[in-house]
Amino acid sequence: LKHRMYEQEDDMARACAELECRRAELDARLQELQHRNPSTSPPAVSSASQLSGMPNFVLEMDKAYHKVDKDWDATYAEYLLLRETYGGPGTVSFFFYIAEFMRDNGAPKHMVKKVAMNVIELTLPSVQTCRAVAYFLVSIEAFDEALLLQKNVLELAPEEPQSHTDIAWTLFLVTRQGHTNGSLTSEQVRINLDEIIDHCVKVLQGKWP
C-alpha cells in the first residue's frame with residue numbers, strides 16, 4: 001500500500017508539471033496554428049482601428065453592429081445573411097472572423113458559441129480545425145462544448161499526445177473554476193483530478209510517433 005501511495009504521488013507530481021507547461025503551450029499552439037494556416041485562425045477584431053485590411057464580411061458586420069446601435073439580436077441576423085453568401089464547406093475563416101468579432105465586442109456568450117460551433121456543423125473540419133474551435137470555446141469558457149469536441153478529437157487522433165493534453169488542460173480549468181465557485185462537490189473534483197492524471201500519465205508513459 002505504501003509503495004502504491006508513492007507511485008500515486010509520483011504520478012501526481014508529473015501530472016502537475018505537465019499541466020503547468022500546458023498553460024504556455026496553449027497560447028503557443030494557437031500562434032503556431034495561425035502562422036501555418038492564417039485562414040483557420042484570424043487575428044482578433046476588437047476595435048475600429050483593427051478593421052483595416054479585414055475581409056468585407058467583417059466590415060459589413062461592424063457596419064450592421066453600429067447601424068442597429070449595437071443590438072446583438074439584429075447584428076446576429078446580419079450574420080445569418082452573411083453566412084448564406086460566405087459560409088459553407090471550405091470557409092472556416094469566415095466563422096472564426098465573425099466569432100472573434102462578436103466575442104471581442106461583447107456579444108452574448110451563447111451567440112458567440114453558436115457561431116463558433118457553426119465551423120463544425122456547416123464546414124468539413126479537419127482534426128486541427130476542431131482543435132482550434134475547442135481552443136476558441138475555452139477562451140469564452142464554454143468548457144462543456146470544448147471538452148465534447150476534444151473527446152471527439154481523441155477518437156479521431158488517438159495517436160497524438162496532444163489529444164490527451166488538450167482534454168487534461170480543459171478539464172483542469174473546469175475543475176479549478178468549479179472548486180472556486182462551489183459548483184463542484186469534493187467527489188466531482190476528485191473524479192476530475194483522477195481523469196486529468198490519467199490523461200497526463202498516458203502522455204508520459206506512451207510511445208508516440
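## Exercises on a predicted model

At 8% relative accessibility, histidine 164 counts as buried.

### Exercise 1: the surroundings of histidine 164

Work out where histidine 164 sits and which residues it is in contact with.

*Solution.* 
- Step 1: Histidine 164 belongs to helix 8, which runs over residues 162–181.
- Step 2: check burial. The cut-off for buried is under 20% relative accessible area, and histidine 164 comes in at 8%, so it counts as buried.
- Step 3: list the contacts, skipping neighbours within four places in sequence. You get Leu154, Pro158, His199, Lys202, Val203 and Trp208.
- Step 4: look for a polar partner. The side chains of histidine 164 and histidine 199 are joined by a polar contact of 3.0 Å.

### Exercise 2: helix 8 and helix 4, side by side

For helix 8 and for helix 4, compare the end-to-end reach with the expected one, then decide how enclosed each helix is.

*Solution.* 
- Step 1: helix 8. With 20 residues, helix 8 reaches 29 Å from first C-alpha to last, close to the expected 28 Å.
- Step 2: helix 4. Its 13 residues reach 18 Å, close to the 18 Å you'd expect at 1.5 Å a residue.
- Step 3: count buried residues. Helix 8 has 14 of its 20 residues buried, so it is largely enclosed by the rest of the structure. Helix 4 has 10 of 13 buried, so it too is largely enclosed.
- Step 4: name the buried ones in helix 4. They are Val92, Phe94, Phe95, Phe96, Tyr97, Ile98, Ala99, Glu100, Phe101 and Met102. Their cover includes helix 2, helix 3, helix 5 and helix 6.
- Step 5: Helix 8 is followed by glycine 182, with a positive phi near 80°. Just after helix 4, glycine 106 has a positive phi of about 85°.

### Exercise 3: sorting the salt bridges

The whole structure holds eight salt bridges. Take the pairs glutamate 145 with lysine 113, glutamate 195 with lysine 151, and arginine 190 with aspartate 194, and sort out what each one links.

*Solution.* 
- Step 1: glutamate 145 and lysine 113. Their closest N and O atoms are 3.0 Å apart. Glutamate 145 is in helix 7 (residues 143–156) and lysine 113 in helix 5 (residues 109–122), so the pair ties together parts 32 residues apart in sequence. Glutamate 145 is partly exposed at 24%, and lysine 113 is partly exposed at 23%.
- Step 2: glutamate 195 and lysine 151. Here the closest N and O atoms are 3.6 Å apart. Glutamate 195 lies in helix 9 (residues 186–205) and lysine 151 in helix 7, which makes this a link between distant parts of the chain, 44 residues apart. Both count as partly exposed, glutamate 195 at 24% and lysine 151 at 39%.
- Step 3: arginine 190 and aspartate 194. These side chains meet at 2.8 Å, N to O. Both residues are in helix 9, four residues apart, about one turn of the helix. Arginine 190 is partly exposed at 40%, and aspartate 194 is partly exposed at 40%.
- Step 4: look for a network. Arg131, Glu160 and Asp166 are linked through salt bridges.

### Exercise 4: cysteines

Count the disulfides, then say whether cysteine 130 and cysteine 200 are buried or exposed.

*Solution.* 
- Step 1: apply the cut-off, sulfur atoms within 2.5 Å. The count is zero disulfides.
- Step 2: check accessibility. Cysteine 130 is buried at 8%, and cysteine 200 is buried at 1%.

Key: Residues numbered from 1 in each chain as written. Predicted model: local features only at pLDDT ≥ 70, side-chain atom pairs only at ≥ 80, totals over all residues. Heavy atoms only, no water. Buried < 20%, exposed > 50% of the residue type's maximum accessible area, 1.4 Å probe, protein only. Helix = DSSP H or I, 4+ residues; strand = E, 2+ residues; numbered from the N terminus. Expected span 1.5 Å × (residues − 1). Salt bridge = Lys/Arg side-chain N within 4 Å of Asp/Glu carboxyl O. Polar contact = N/O pair within 3.5 Å; in protein donor to acceptor, adjacent residues only side chain to side chain. Contact = heavy atoms within 4.5 Å.
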